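User: Hi! I've got a model open here and would like to walk through it with you. Could you take a look?

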Amino acid sequence: MGTRFRLFVQPPFEDARARPEIVEVSSPSGSLTAGPADDRMFVVEPVGKVGPYGVNRGPLGTPFMYLPPWTGRIIEPATPDARGNFDYLRPSMPGFEAAHVFGCVRFTLDVWERYLGQPITWHFRDHYDRLEISILPQWDNAQYGYGFLEVGSQFEKDGSILPFSLDFDVVAHEVGHAIIFSVLGVPDPGAEYPEYLGFQEAFSDCVSLIAAMHFPSVIDNVLEETHGNLYRANRLSRFSEFSPHRQIRSANNKRTMDEFAHGWKDEHELSQPLTGAIFDILVDIFHERLVARGLISRAVEDLADIAEFDPTVEASVQYAFDRAFERNADGFVGALIEARDIAGIYLAETLWALAPDFLDYGDVAETMLAVERHESNGQFARIITRNFRQRAIGELHAGVHLKGGKHRSHIHSGRILLPIDYLELPKMSYREKFLLSRSGIGQ
């Protein structure tokens, strides 16, 4: 028996009617302690922590490395009930955010460790036994790095503060980075191509998307909204939606590498062609499973492909899907779950087979194609080849990095920091070290 948590599938910021769902994660009943915490990770809510981990500036401006552990005061941790569960905590209760963020991390790891075939080993294992999950409500970002996963808040113009600790997509995305670092690793100095950074963001988006698809309510709601025509705007293809009209990223996009061949500003933008190709592969495999189950005809599937580029046939496609879904909704659920798991296995096996040095999107496409041949004997090879080719993946590559990115970049953030990197930082004077110690940072 596992441990129960209440998790929001979508953040409750825009819909007061939203309710968290009870889920059971793999942590054995009674194994979690206050925090929540186990032998692999723990949650803390620091009191007085003035900034995130990474490279910070000292009192006199000298950069210095700031890594776990946090040794200062913390807010009272969330505690399990008599049966070892945390689902007794409600959104209005102290400890709910801590339990929620832990539950999101554990749920996502449960999903992806099944695809990977084993528990992940933290990439920071040489220095830390456990992942420190920190809640920093006054920080406007989220990041995974060497020994830590930190979540802040989204600050809205109307003054409202939206905690990332309650946003499954944001937390699962950061777990995606943890998986990449632990399985794929970090490129050696001078061996990092721009597309490694884009791959980090694209794969982490896919980790979030596929993990969310393991909530039965997500599958049900997506199919109720679309009747299986997944190219319609729906919650499956949206990431971190804070309002009905604004998204951080979208999996269902038409971006290609042509847009980045002469330069790029932000790795989130650069990730879009790869994320979009993988989403299209997922949808096309779903369509193939519908055909195999006799739920739609080959003619309807071919028409759905045409509708991607010809809006004049969209109405006909939707009508066909509406009729087919009405006849056998349960069959659509089964086909989407099959497609989800096929895509998850392909991504996991691709990650195992890649190497971080000089990684580009062409490597990802070739490796996924090889994985497909091994797993499915070429059944979906045409789909994979077509969708990567439509994005010019493997044909065009990212150009130089341009300044002035629209989004906050992680290129020089704590996400890629390693302990040895302190050697590249200037030495701090004794006076500044004294002032730093008086500031309370890290204490």
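**Walking through the model**

Analyst: Happy to. S208 is buried, its relative accessible area being 0%. Please keep in mind that this is a predicted model.

User: Thanks. Which helix is S208 found in?

Analyst: S208 belongs to helix 3, which covers residues 194-212.

User: OK, on to H100. Is H100 buried or exposed?

Analyst: H100 is buried, with a relative accessible area of 0%. H100 sits in helix 1.

User: What is H100 in contact with, leaving aside neighbours within four places in sequence?

Analyst: With those neighbours left out, H100 touches R6, L7 and F8, and also S165, L166 and D167.

User: While we're on helix 1, at what angle do helix 1 and helix 8 pack?

Analyst: The angle is about 70°, and the axes of helix 1 and helix 8 (residues 329-353) are 8 Å apart. Helix 1 and helix 8 are therefore roughly perpendicular to each other. The crossing of helix 1 past helix 8 is right-handed.

User: Which residues meet there, helix 1 against helix 8?

Analyst: From helix 1 you have W112, Y115 and L116. Helix 8 brings R340, D341, G344, I345, L347, A348, E349 and W352. Sorted by class, this contact of helix 1 with helix 8 has seven nonpolar, one polar and three charged residues.

User: Now the core. Which residues touch the most other members of the largest nonpolar core?

Analyst: Those are W112, I179, F199 and F332, in a core of 130 residues. Helix 1 (residues 96-116) gives the largest share of this core, with 13 residues. As background, nonpolar side chains in soluble globular proteins tend to be buried together.

User: Let's zoom in on F332. What is F332 in contact with, again leaving aside neighbours within four places in sequence?

Analyst: The list for F332 is L223, H227, G228, F286, L290, L295, I296, F321, A324 and F325.

User: Changing topic: what can you say about helix 5 and helix 10?

Analyst: The axes of helix 5 (residues 267-292) and helix 10 (residues 381-390) come within 9 Å, crossing at roughly 150°. Helix 5 and helix 10 are therefore roughly antiparallel to each other. Helix 5 makes a right-handed crossing as it passes helix 10.

User: And which residues of helix 5 and helix 10 meet?

Analyst: On the helix 5 side they are L274, A277, D280, I281, D284, I285 and E288. On the helix 10 side they are R382, I383, I384, R386, N387 and F388. By class, the contact of helix 5 with helix 10 has seven nonpolar, one polar and five charged residues.

User: What about E308, buried or exposed?

Analyst: E308 is buried, at a relative accessible area of 13%. The place of E308 is the loop between helix 6 (298-307) and helix 7 (314-327). Apart from its neighbours within four places in sequence, E308 is in contact with Y231, K254, D280 and D284.

User: How far apart are E308 and G48?

Analyst: C-alpha to C-alpha, E308 and G48 are 51 Å apart in space, and they are 260 residues apart in sequence.

User: Last topic, the backbone. Where are there cis peptide bonds?

Analyst: One joins G35 and P36, with omega about 0°. P36 lies in the loop between strand 2 (21-25) and strand 3 (41-44). Another runs from P68 to P69, with omega near 10°, and P69 is in the loop between strand 5 (63-66) and helix 1.

User: And which residues other than glycine have a positive phi?

Analyst: Two to look at are F358, with phi near 55°, and N377, with phi near 60°. For comparison, most residues other than glycine have a negative phi, and most peptide bonds are trans. F358 lies in the loop between helix 8 and helix 9 (361-376), and N377 in the loop between helix 9 and helix 10.

User: How accessible are F358 and N377?

Analyst: F358 counts as partly exposed at 43% relative accessibility, whereas N377 counts as exposed at 71%.

Key: Residues are numbered from 1 along each chain as its sequence is written. This is a predicted model: local features need pLDDT of at least 70, side-chain atom pairs count only at pLDDT 80 or more; totals for chains, interfaces and linings use all residues. Side-chain values use heavy atoms; hydrogens and water are left out. Axes are lines fitted to C-alpha atoms, for helices over the stretch in contact, and angles run from 0 to 180 degrees between N-to-C directions. Helices (H or I, at least four residues) and strands (E, at least two) are DSSP runs, numbered from the N terminus. Angles under 35 degrees count as roughly parallel, over 145 as roughly antiparallel, 65 to 115 as roughly perpendicular and the rest as oblique. A crossing is left-handed if the near helix is turned anticlockwise from the far one by less than a right angle, and right-handed if clockwise. Contact means heavy atoms within 4.5 Å. Ala, Val, Leu, Ile, Met, Phe, Trp, Tyr, Cys and Pro count as nonpolar, Asp, Glu, Lys and Arg as charged, and the others, Gly among them, as polar. A nonpolar core is a set of buried Ala, Val, Leu, Ile, Met, Phe, Trp, Tyr and Cys residues joined through side-chain atoms within 4.5 Å. Buried means under 20% relative accessible area, exposed over 50%, partly exposed in between (1.4 Å probe, protein chains only).
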